[in-house]
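Here is a short briefing to read alongside the model.

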Amino acid sequence: MSGRTEGGAVECRHLSLALLLTAASLILPTPAFAHASDRGHVLLLPTGYYLVGGAFAVAVSFLVLALLPADWLERFWRRRLPLFTFGESARTAFSLISFAGFAILIAAGFLGSRDPLSNPLPLVIWTLLWAGVTLLHGVFGDLWSWLNPWYGPWRLVSRLFGIGDEGAWRLPRWIGCRPAVILFFAFAWFELIDPAPDDPARLALAAGLYWLFSFLAMLAFGYRAWSRSGEFLSVFFRMVARFAVVERSQKGRLDLCWPSAKLLAAEPLPTNGIAFLLLALSSVSFDGLSKTFFWLGLFGINPLEFPGRTAVIGSGTLGLVLTFVLLAAVFLLAVWLGQRLAGSDHTLGQAAGLLVWSIVPIALAYHVAHYLTALLVDGQYALAALSDPFALGWNLFGTADMQIEAGILAGADSAWWLWNVQAGAIILGHLLAVLVAHDFAWRLHPQPSRAALSQFPLTLLMIAYTVFGLWLLATPTVG
């Protein structure tokens, strides 16, 4: 794999040059307005140059990788820095504490303030959990296996009633993670389409029922089986954790590694696993798209007189499904074309199941870009609400009366650095995705020229998605 023939090198250089020319022709610099801040501040930015720069960075990465020896890249990914050993004796205790906190939040949802910015339940679930904990998984690894509110109660009940670790029944192997895909879609629909996902009582009912359903499924099929097939948060966080710079070995030792290095040890995902990862990316992308003036205009809605979420349930549901279907179709088409160009004898399922792991850095980058403002502002509301969960005048953690600094997003300077952090996250995520995809391409095609050819369509897709992500940051939106 480390050697290259002269002809193969020339072929790679010509292919890389063609890719750069194609990327340059895809987009031209045009001015656009980027909005950032909940106060509606609009900042004129040279958006076209950011779009060209992002696409050019991804294309250049392809050029560099097409000329790098494969063994050099493999040595790069294998590097580790040992830290210390961490046992699992406290895992049950952490989970029980998490369950107790979850139970208090559910009670607060029913009994506390009706204001979503004063009740801790919506703030914890939508901001601290879905936005914040996801980003922590991208740095520290699979924290959810320790912090989820099911493991501790399941361990106690299974021991108390003599239920084995495998549960009373076994999930059929063919089922894969299909339940997780269905539940993740339901979660995305509730977050993005439901008329009132922030209503504390409505959210408390949904979250409580989901906890109970998952707990019963874990008792029936075993904790390990259901957390890998049905509990969508566990599946999602475990996938995101493969990006993290902290790696935990089977003996409990923690090591530092390069971002995305753990992705390269992954086995090909089955069809439902591919669907899950693509759904994770498409749902966040549609969340941004659904608020744009462009999307609302397609359905005759005046974004300056937005009628509310109830009026867009139908179009929102259609958009959520179409975004997933289009992304899946384009991704599979890019993989199929790449395999044809390389003359591969691998099936589409094998190649797609491996290359889809390169989606993880992109999905995490979109998560950072999309939820950064919510973390900065709503995170402060969450800290205040947690001190007084039932609106009884408590101040448990000394944060109930803290001053909310929503103004950190106001002004030209704040908008400028915020937009650049978001844009930088998207560009960096796509660069790492190209690195990961190239390593998988070398695994599928030991010949350098064939590996480079197989990546040409996928790299074009990544360039296009980079442009799309930056456009979402630059176009005016509602809310």
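Ser344 touches Gln339, His445 and Arg450, leaving out residues up to four places away in sequence; contact here means heavy atoms within 4.5 Å. Please keep in mind that this is a predicted model, in which local features need pLDDT of at least 70 and side-chain atom pairs count only at pLDDT 80 or more, while totals for chains, interfaces and linings use all residues. Residues are numbered from 1 along each chain as its sequence is written, and side-chain values use heavy atoms, with hydrogens and water left out.

**Ser344 and its loop**

- Ser344 is found in the loop between α14 and α15; helices (H or I, at least four residues) and strands (E, at least two) are DSSP runs, numbered from the N terminus.
- Ser344 is buried, with a relative accessible area of 19%; buried means under 20% relative accessible area, exposed over 50%, and partly exposed in between, with a 1.4 Å probe and protein chains only.
- The side chains of Ser344 and Gln339 make a polar contact at 2.9 Å. Such a contact is a pair of N or O atoms within 3.5 Å; within protein, one must be able to donate a hydrogen and the other to accept it, and residues adjacent in sequence count only if both atoms are side-chain atoms.

**The α14 and α15 pair**

- The axes of helix α14 (residues 313-342) and helix α15 (residues 348-355) come within 10 Å and cross at roughly 115 degrees. Axes are lines fitted to C-alpha atoms, for helices over the stretch in contact, and angles run from 0 to 180 degrees between N-to-C directions.
- This crossing of α14 and α15 is right-handed: a crossing is left-handed if the near helix is turned anticlockwise from the far one by less than a right angle, and right-handed if clockwise.
- On the α14 side, Phe331, Leu332, Val335, Trp336 and Gln339 meet Leu348, Ala351, Ala352 and Leu355 of α15.
- The residues of this contact divide into eight nonpolar, one polar and no charged. Ala, Val, Leu, Ile, Met, Phe, Trp, Tyr, Cys and Pro count as nonpolar, Asp, Glu, Lys and Arg as charged, and the others, Gly among them, as polar.

**Nonpolar cores**

- The largest nonpolar core has 83 residues, and those with the most contacts inside it are Phe276, Phe331 and Trp357. A nonpolar core is a set of buried Ala, Val, Leu, Ile, Met, Phe, Trp, Tyr and Cys residues joined through side-chain atoms within 4.5 Å.
- Helix α9 (residues 200-221) gives the most to this core, with nine residues.
- Apart from this core lies another, of twelve residues, including Ala188, Leu192, Leu289 and Ile301.
- Not counting residues up to four places away in sequence, Phe331 touches Ile274, Leu278, Ala352, Leu355, Val356, Ile359, Leu458 and Leu461.

**Enclosed spots in helices**

- Nine of the ten residues of helix α11 (residues 232-241) are buried, so α11 is largely enclosed by the rest of the structure.
- At the start of α11, a side-chain oxygen of Glu231 reaches to within 3.2 Å of the backbone nitrogen of Leu233.
- Ser282 sits in helix α12 and is buried, with a relative accessible area of 0%.
- Ser282 touches Thr323, Phe324 and Leu327, again not counting residues up to four places away in sequence.

**Backbone angles to check**

- Most residues other than glycine have a negative phi.
- Ser260, however, has a positive phi of about 80 degrees; Ser260 lies in the loop between β5 (253-257) and α12 (271-289) and is buried, at 0% relative accessible area.
- Ala391 also has a positive phi, near 55 degrees; Ala391 is in the loop between α16 (359-387) and α17 (412-444) and counts as partly exposed at 46% relative accessibility.

- Asp199, in the loop between α8 (178-192) and α9, is 77 residues from Pro122 in sequence and 7.4 Å from Pro122 in space, C-alpha to C-alpha.
- Thr477, in the segment after α18 (448-474), is 187 residues from Ser290 in sequence and 8.5 Å from Ser290 in space, C-alpha to C-alpha.

**The whole chain**

- The chain has 18 helices and five strands, and buried residues make up 51% of its 479 residues.
- Among contacts between residues at least 6 apart in sequence, 80% join residues at least 24 apart.
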